[in-house]
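Colleague: Could you take me through this model and tell me what stands behind each label you use?
Modeller: Gladly; here is the entry to look at while we talk.

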Amino acid sequence: MRETPRPQGTAGDPRAQHPQPCPGRALAHTTGASGSGTPHRSDDRPPHTPRGERYAGQGGRPGTSPPVPGRPAFLFATLLGVFAVITWQVASGGPLRRLDERLDPPLTGHGPSWLAEGLSDLGSMPVALPILACAIGYALHRGLRRRALIAAATMALVPLLVVPLKEWIARPGPFDPATGYYPSGHTATAMVAYGAAALLLAPFVRRGWLMPAAAGALTAATGIGLVLHGYHWPLDVLASVCLCGALLVVSSTGMRRSSSRTRLR
């Protein structure tokens with residue numbers, strides 16, 4: 001005899017009813033009102049995953065990672081620390097200075113002299129400052145007054161920092177008994193002028209990373225030309241890179257904050 005299937009519930013059985021949503025429970029990841037009893041995630045709850053903490057990118061597109069406040073501070077401290085060690089070694093005649101003076105003669109004089117001099121001239125004020133001035137003018141034209149002011153102030157700090165250091169360390173040049181070669185002023189001018197110009201122009205370039213890459217290449221070319229021509233010791237160039245790199249870290253942080261304030265308005 002075939003057994004007829006029993007119903008899953010009777011009319012009076014509460015199990016026969018459809019499941020009701022539990023108030024205050026989140027059963028799905030769609031947006032809903034808090035405590036409404038619908039199977040939606042609460043609006044006023046903070047997200048529990050790192051993906052939910054991401055900021056929107058350009059045009060409101062998700063997926064942009066939030067800024068990490070500790071990275072600029074760590075980079076700034078590292079650059080200043082390396083600069084302090086180099087300065088201490090050069091001022092005290094330590095092992096790094098002796099090694100620097102042994103490495104310089106084999107490096108000097110390689111390649112055409114006109115090429116080395118041309119590369120070193122990239123850090124001269126008549127060459128580097130007009131490029132920065134054009135970038136500042138373009139930023140002002142686009143309404144980025146704070147960013148332009150930060151770039152100009154960073155450039156103004158270069159002689160205020162480099163000139164007293166030259167007088168204090170009083171290091172002679174590779175082929176010049178006169179003092180005042182540490183740190184390299186040409187390297188400092190090139191790095192800040194080209195670096196600040198790159199920070200100003202990068203937001204308007206499709207591939208923004210090309211601007212700091214070009215600034216780094218121009219600064220490296222300047223330092224190589226100074227060493228090959230015999231204008232500076234290698235540590236003079238490296239010290240300027242560390243010092244001005246720390247300046248650019250502060251400058252870029254200030255520009256990012258000014259841009260975020262402008263967007264909030």
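What follows is our conversation about the labels and the values behind them.

Colleague: What should I keep in mind before we start?
Modeller: This is a predicted model, in which local features need pLDDT of at least 70 and side-chain atom pairs count only at pLDDT 80 or more, while totals for chains, interfaces and linings use all residues. Residues are numbered from 1 along each chain as its sequence is written, and side-chain values use heavy atoms, with hydrogens and water left out.

Colleague: What makes α5 and α6 roughly antiparallel?
Modeller: Helix α5 (residues 145–169) and helix α6 (residues 185–201) pack at an angle of about 170 degrees, and their axes are 10 Å apart. Axes are lines fitted to C-alpha atoms, for helices over the stretch in contact, and angles run from 0 to 180 degrees between N-to-C directions. Angles under 35 degrees count as roughly parallel, over 145 as roughly antiparallel, 65 to 115 as roughly perpendicular and the rest as oblique. The pair is therefore roughly antiparallel.

Colleague: Which residues of α5 and α6 meet?
Modeller: From α5, they include Ala151, Met155 and Val158, and from α6, they include Thr189, Val192 and Ala193. Contact here means heavy atoms within 4.5 Å. The residues of the contact of α5 with α6 divide into 11 nonpolar, three polar and two charged. In this count, Ala, Val, Leu, Ile, Met, Phe, Trp, Tyr, Cys and Pro are nonpolar, Asp, Glu, Lys and Arg are charged, and the others, Gly among them, are polar.

Colleague: Why is Leu132 called buried?
Modeller: Buried means under 20% relative accessible area, exposed over 50%, and partly exposed in between (1.4 Å probe, protein chains only). Leu132 has 4% relative accessibility, so Leu132 counts as buried. Its place is in helix α4, and, not counting residues up to four places away in sequence, Leu132 touches Ala151, Met155, Ala193, Ala196 and Ala197. Of the 265 residues of the protein chain, 32% count as buried.

Colleague: What makes a group of residues a nonpolar core?
Modeller: A nonpolar core is a set of buried Ala, Val, Leu, Ile, Met, Phe, Trp, Tyr and Cys residues joined through side-chain atoms within 4.5 Å. In the largest one, with 24 residues, Leu132, Ile136, Ala151, Met155, Val158 and Leu200 touch the most other members. The elements that give two or more residues to this core are α4 (125–141), α5, α6 and α8 (234–264), and the largest share, 10 residues, comes from α6. A second, separate core of 10 residues includes Val90, Ile169, Ala239 and Cys242.

Colleague: How do you know that Thr87 is buried, and what does its side chain reach?
Modeller: Thr87 has a relative accessible area of 7%, so Thr87 is buried. Thr87 lies in helix α1 (residues 70–92), and its side chain reaches the backbone oxygen of Phe83 at 2.8 Å. Leaving aside neighbours within four places in sequence, Thr87 is in contact with Trp168, Ile169 and Tyr182.

Colleague: Why is His186 called partly exposed?
Modeller: His186, in helix α6, has 32% relative accessibility and so counts as partly exposed. Leaving aside neighbours within four places in sequence, His186 is in contact with Ser120, Gly123, Ser124, Thr222 and Leu226. His186 and Leu226 are 40 residues apart in sequence and 8.3 Å apart in space, C-alpha to C-alpha.

Colleague: What makes the loop between α5 and α6 worth a look?
Modeller: Most residues other than glycine have a negative phi, and most peptide bonds are trans. Ala170, in that loop, has a positive phi of about 55 degrees although it is not a glycine. Ala170 is partly exposed at 30% relative accessibility. Pro183 is found in the loop too, and a cis peptide bond joins Tyr182 and Pro183, with omega about -10 degrees.

Terms used
Helix = DSSP H or I, 4+ residues; strand = E, 2+ residues; numbered from the N terminus. Polar contact = N/O pair within 3.5 Å; in protein donor to acceptor, adjacent residues only side chain to side chain.
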